[in-house]
Amino acid sequence: MSSVVHFEIHAEDVQRAVDFYVAAFGWKTEDWSEFTGSPYIGVHTRAEGEPGINGAIMQREGANPQPGSPVLGAVLTVEVEDFDAVADRIEAAGGTVAMPKYPLTGMAWQGYYLDTERNVFGIPQPDENAGT
């Protein structure tokens, strides 16, 4: 079995996307552009020794997708402790609701958002009482 070990978020405006994810989730960043020859910002999404994966925000080849476009690629899911607080931070950082909060009965509260580059991502808050 193979494990996911890295992700990349494509952005028309790399710094705008970096600012969004730092504001929304508190991710730490590191400029790795010298290794790739183009804008490529490493993102650390977890503390050392904690579960999860790290990734990068990189220059998109072309324009951001138009609103309502189908998802092209994978959708990131970022587990949160407080859905409503994180949703407020996402919107304050320039993100928009793609699918409002709803219960995954007996599992979690779930919702989907668009970042500043129109990439879709999900946020679940584990809660065994959701929808019951």
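Biologist: Which residues does Thr116 touch, not counting those up to four places away in sequence?
Modeller: Thr116 touches Arg16, Ala17, Phe20, Asn64, Ala93 and Gly94. Contact here means heavy atoms within 4.5 Å. This is a predicted model, where local features need pLDDT of at least 70 and side-chain atom pairs count only at pLDDT 80 or more, while totals for chains, interfaces and linings use all residues. Residues are numbered from 1 along each chain as its sequence is written, and side-chain values use heavy atoms, with hydrogens and water left out.

Biologist: Is Thr116 buried or exposed?
Modeller: Thr116 is buried, with a relative accessible area of 19%. Buried means under 20% relative accessible area, exposed over 50%, and partly exposed in between, using a 1.4 Å probe and protein chains only.

Biologist: Where is the place of Thr116?
Modeller: In the loop between E7 and E8. Helices (H or I, at least four residues) and strands (E, at least two) are DSSP runs, numbered from the N terminus. The side chain of Thr116 also has a polar contact of 3.0 Å with the side chain of Glu117. A polar contact is a pair of N or O atoms within 3.5 Å; within protein, one must be able to donate a hydrogen and the other to accept it, and residues adjacent in sequence count only if both atoms are side-chain atoms.

Biologist: New topic. Which residues of H3 are buried?
Modeller: Phe83, Val86, Ala87 and Ile90. Seen down the axis of H3, they fall within an arc of 105°, so they line one face of the helix. The arc is that of the directions from the helix axis to the C-beta atoms.

Biologist: And which residues are exposed on the other side of H3?
Modeller: Asp88 and Ala92.

Biologist: What do the buried residues of H3 pack against?
Modeller: They pack against H1, strand E6 (96-104), strand E7 (108-114) and E8. H3 lies across E6, E7 and E8, at about 5° to E7. Axes are lines fitted to C-alpha atoms, for helices over the stretch in contact, and angles run from 0 to 180 degrees between N-to-C directions.

Biologist: What is at the start of H3?
Modeller: A side-chain oxygen of Asp82 comes within 3.3 Å of the backbone nitrogen of Asp84. After H3 comes Gly94, with a positive phi near 110°.

Biologist: Now the sheet. What is the order of its strands?
Modeller: E5-E8-E7-E6, an open sheet of four strands with mixed pairing. Strand E5 (76-77) and E6 stand at the edges with a single partner strand each, so one side of each has no neighbour in the sheet. Two strands pair if DSSP finds at least two bridges between them.

Biologist: Which pairing is parallel or antiparallel?
Modeller: E5 and E8 are parallel over two bridges, and E6 and E7 are antiparallel over six bridges. Thr77 has Gly122 in E8 as its bridge partner, and Val97 has Tyr113 in E7.

Biologist: Last one. Which residues touch the most other members of the largest nonpolar core?
Modeller: Of its 23 residues, Tyr21, Phe25, Trp27, Ile57, Ile90, Phe121 and Ile123 do. A nonpolar core is a set of buried Ala, Val, Leu, Ile, Met, Phe, Trp, Tyr and Cys residues joined through side-chain atoms within 4.5 Å. H1 gives the most to this core, with seven residues.

Biologist: What is Phe25 in contact with, leaving aside neighbours within four places in sequence?
Modeller: Val78, Val80, Val86, Arg89, Ile90, Phe121 and Ile123.
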